[in-house]
Amino acid sequence: MNLFFKNKFFLCTFFLLAMEINAPAEALDGPSAALEQIDTHKKVISPEEYFWIEGQARFSARIDSGAKSTSIHAIDIEVEDAAESMMDNVGKQVSFTIMNEEGDTWSLSRRISSVTQVRNSQGVEYRYNVPLRLGWNNINKTVDVNLRDRSKMTYKLLIGRDWMNREVVIDLEQ
């Protein structure tokens, strides 16, 4: 075994031993002990739920702990006095239409809070973010939601970690 691989092996072994030493006792007792440690103040959410946007638009949503940010199906996106660069449009008013899975539409207008670079299977995309109020089960939060054409996707609303923010636990068995 050459020196490079020996060093990697010892480093990985050390890391794994350190992690086991520092692991909480309840984590070593198995999955049932870990479930007992869930914060009872958190609400349990299933991977698919209905959400209200701005208290008026009902969307079937996919809850995705792997997604950092929330994304909504938006069409007819028009920036007032648009600049060529998306970054130069931050702070400007944007009008857009959101559409749920049933084809119901709502026209909205918000200030662009930022532009996000999103990496996905299609490559890199840049999307406008706007603040929207999303409600589920008496939790109402305003988060920056990125506007995207999700017409080819089953879920027109994807809920990311920004909305969950340690207040919900996803139950994958629901």
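Predicted model: local features only at pLDDT ≥ 70, side-chain atom pairs only at ≥ 80, totals over all residues.

## The chain as a whole

Residues are numbered from 1 along each chain as its sequence is written, and side-chain values use heavy atoms, leaving out hydrogens and water.

Of the chain's 174 residues, 33% count as buried (under 20% relative accessible area, with exposed over 50% and partly exposed in between, using a 1.4 Å probe and protein chains only). Take the contacts (heavy atoms within 4.5 Å) between residues at least 6 apart in sequence: 54% of them join residues at least 24 apart.

## Strand E2 and its partners

E2 runs antiparallel to strand E3 (residues 57-63), joined by six bridges; strands pair if DSSP finds at least two bridges between them. Across this pairing, glutamate 49 stands opposite alanine 61 in E3. The hairpin of E2 and E3 has three residues between the strands, and glutamate 54 takes a positive phi near 55° there.

E2 also pairs with E8, again in the antiparallel sense, over two bridges. Here tryptophan 52 has glycine 135 of E8 as its bridge partner.

## The nonpolar core

Which residues touch the most other members of the largest nonpolar core? They are Phe51, Leu134 and Trp163, in a core of 31 residues. Such a core is a set of buried Ala, Val, Leu, Ile, Met, Phe, Trp, Tyr and Cys residues joined through side-chain atoms within 4.5 Å. Strand E8 (residues 123-136) gives the most to this core, with five residues.

Leucine 134 has contacts beyond its neighbours within four places in sequence, among them Phe51, Ile53, Val143, Leu157 and Trp163.

## Aromatic rings and charges

A search of the whole structure finds four aromatic pairs. Rings of Phe, Tyr and Trp (its six-membered ring) pair if their centres lie within 6.5 Å; planes under 30 degrees apart count as stacked, over 60 as edge-to-face and the rest as tilted. Phenylalanine 51 and tryptophan 136 are stacked because their ring centres are 6.5 Å apart and their planes at 25°. Phenylalanine 51 lies in strand E2 (residues 48-53) and tryptophan 136 in strand E8, so their pair ties together parts 85 residues apart in sequence.

Tryptophan 136 also forms an edge-to-face pair with tryptophan 163, at 6.3 Å centre to centre and 80° between the planes. With tryptophan 163 in helix H4 (residues 161-164) and tryptophan 136 in strand E8, this pair therefore ties together parts 27 residues apart in sequence. Both tryptophan 136 and tryptophan 163 are buried, and Phe51, Trp136 and Trp163 form one aromatic cluster.

Two charges sit over rings, meaning that NZ of Lys or CZ of Arg is within 6 Å of the ring centre and within 35 degrees of the ring normal. Lysine 141 lies over the face of tryptophan 163, 5.3 Å from the ring centre. The charged end of arginine 58 sits over the ring of tyrosine 50, at 3.7 Å from its centre.

Methods: Helix = DSSP H or I, 4+ residues; strand = E, 2+ residues; numbered from the N terminus.
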